[in-house]
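Q: Hi! I've just opened this one and would like to talk it through with you. Shall we start with the fold and then move on to other things?

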Amino acid sequence: MTQIWEVFRQEEKGGYHTHCGNVHAPDREMAKQFAAVQHGRRKPTNSIWVVPKDEVGEIDGDDVSFGGTTDKGYRWTTAYNLQTRQAEEVEESDAEQQDAEQRRGEA
Amino acid sequence: MDIETVKERAGPREFNPADDLPEEYRKAATRMIEFHANSEIMGAYLERPFIRQAPSIDRKLAFSAKVQDEIGHGQLLYRAAETLGIKTREEMLDDLANGDGKFLNCFHYPMDSWEETPMIAFFVDGAAMRRQATLRRTSWEPYAHAMDKVCFEEGFHVKHGEDILATLMSGSRAEQRRTQEAFEEWWPRIIQFFGPTDDKSTHHDFAADVGLKQMTNDELRQAFLDMYVPKARNYGLELPDYPRVHQNDDGRWVVEEDDLDWDEFFTVARNNYEPGIGQIDGRARAQEAVEWVRDAIESDATPQSGKAPQAAD
């Protein structure tokens, strides 16, 4: 019996497998082949995972308030205004957090 | 894959669970990641009492968020270690409880006063972050991925720690004196965070050859000193007389390593340091005390009524 398999593609070695679509297939082997053809041909691909759709659990913004319901500014680097030079790796974390904070705000 | 192939291919994020890796690699990676995971857990337990002892609501919230993060980092790392197929998460947690699991030297020392908190939250976390940033390029991909998330979060910890230090060092004279005393007590341990010099380090060569470690102890210690000695001084902290530390003509800081107590370091490393045993046993008791929670989660019983369970946000 054919079923739906969710497809996750990793672009390059060491990267993350991210969801890129799904395929119909009767079994895991066929799902891998279809996924390779449909999702691995044009975009850069190092590896593909296929997962039966029924095995995927989902939780969304209607079920839960992501990030909480109260101000948790104290969890962010931006809450600490030190006016001192920071180590390179702290700067990097700071930049990543500012980016995440901004995108959360836009979402 | 044989060990020579591993050494040839070794590079950032090169190996993942789909690779057939030799036991020697998997054991070395397990030892390293398990040590790291244990350290996250033991560090969290060391700081936990300060959620209660924090002097303000802001500090209390920040410490509680931080302890939560550290426990989360431990869990991420146990998963990254478990995929190597050498030890299960349960085995690692049990070993930590029974005194076989190894962890960072600094977390063997008890912490009693608020003035001690920036020694961990600023200096030790700053040292840890230096090291972790290099591990984003480790050869075991699940470990590198765990480091991406850890480094993302850790910037808050270090800046929060520095903020506590800044407040204390601009506080009353008594606060400044107590902070200086805490610094003198912790400084040698903080230097020892990076372990002995490379010629005394036991595991470095292999870990470097297979790409697990990206920088040597010496390089990491040097980068830490160059960044954090000036920071300590800017806040008015004075370096203790021992270990002797001096600045070279090129501006780099150098420590007289023989001034450090390496006997104590290795006693600590072997889990034979008395106060450290207290820390291990304290965590073991905490693990035991919440066994009923694990049992309840694993049992089939579902709540009969009321609201659906939800994680704390």
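Q: How many helices and strands are there in chain B?
A: Chain B has 13 helices and 2 strands. Do keep in mind that this is a predicted model.

Q: Thanks. And how does the radius of gyration of chain B sit against the globule rule?
A: The radius of gyration is 20 Å, close to the 20 Å that the rule gives for 313 residues, so chain B is as compact as a globular protein of that length.

Q: What box do the C-alpha atoms of chain B fill?
A: Taken along the principal axes, the box is roughly 60 × 60 × 35 Å.

Q: And what share of chain B is buried?
A: Buried residues account for 53% of the 313 residues in chain B.

Q: What about contacts in chain B between residues at least 6 apart in sequence: what share join residues at least 24 apart?
A: That share is 76% in chain B.

Q: Let me zoom in on a residue. Where is B:Asp95?
A: You'll find B:Asp95 in helix α5 of chain B, which covers residues 89-98.

Q: Which residues is B:Asp95 in contact with, leaving aside neighbours within four places in sequence?
A: The contacts of B:Asp95 are then B:Glu34, B:Lys87, B:Asp100 and B:Gly101. With B:Lys87 there is also a side-chain polar contact, at 2.6 Å.

Q: How far apart are B:Asp95 and B:Trp292?
A: From C-alpha to C-alpha, B:Asp95 and B:Trp292 are 20 Å apart in space, and in sequence they are 197 residues apart.

Q: Changing topic, how much area do chain A and chain B bury between them?
A: About 2700 Å², with 53% of it on carbon and sulfur atoms. On the chain A side, A:Tyr74, A:Tyr80 and A:Glu89 lose the most area to chain B, together 24% of what that side buries.

Q: How many residues does each chain bring to the contact?
A: Chain A brings 30 residues and chain B brings 33 residues.

Q: How many salt bridges are there between chain A and chain B?
A: There are 5 salt bridges between chain A and chain B. One of them joins the side chains of B:Arg136 and A:Glu92, at 3.2 Å from N to O.

Q: And how many residue pairs are in polar contact between chain A and chain B?
A: The count is 20 residue pairs, with both residues at pLDDT 80 or more.

Q: Which element of chain A gives the most to the side that touches chain B?
A: Helix α2 (residues 88-106) of chain A does, with 8 residues. By class, that side of chain A has 9 nonpolar, 12 polar and 9 charged residues.

Terms used:
Residues numbered from 1 in each chain as written. Chains lettered and ligands numbered in written order. Predicted model: local features only at pLDDT ≥ 70, side-chain atom pairs only at ≥ 80, totals over all residues. Heavy atoms only, no water. Contact = heavy atoms within 4.5 Å. Buried area = accessible area lost by both parts, 1.4 Å probe. Salt bridge = Lys/Arg side-chain N within 4 Å of Asp/Glu carboxyl O. Polar contact = N/O pair within 3.5 Å; in protein donor to acceptor, adjacent residues only side chain to side chain. Helix = DSSP H or I, 4+ residues; strand = E, 2+ residues; numbered from the N terminus. Nonpolar A, V, L, I, M, F, W, Y, C, P; charged D, E, K, R; others polar. Rg over C-alpha atoms; globule rule 2.2 N^0.38 Å. Buried < 20%, exposed > 50% of the residue type's maximum accessible area, 1.4 Å probe, protein only.
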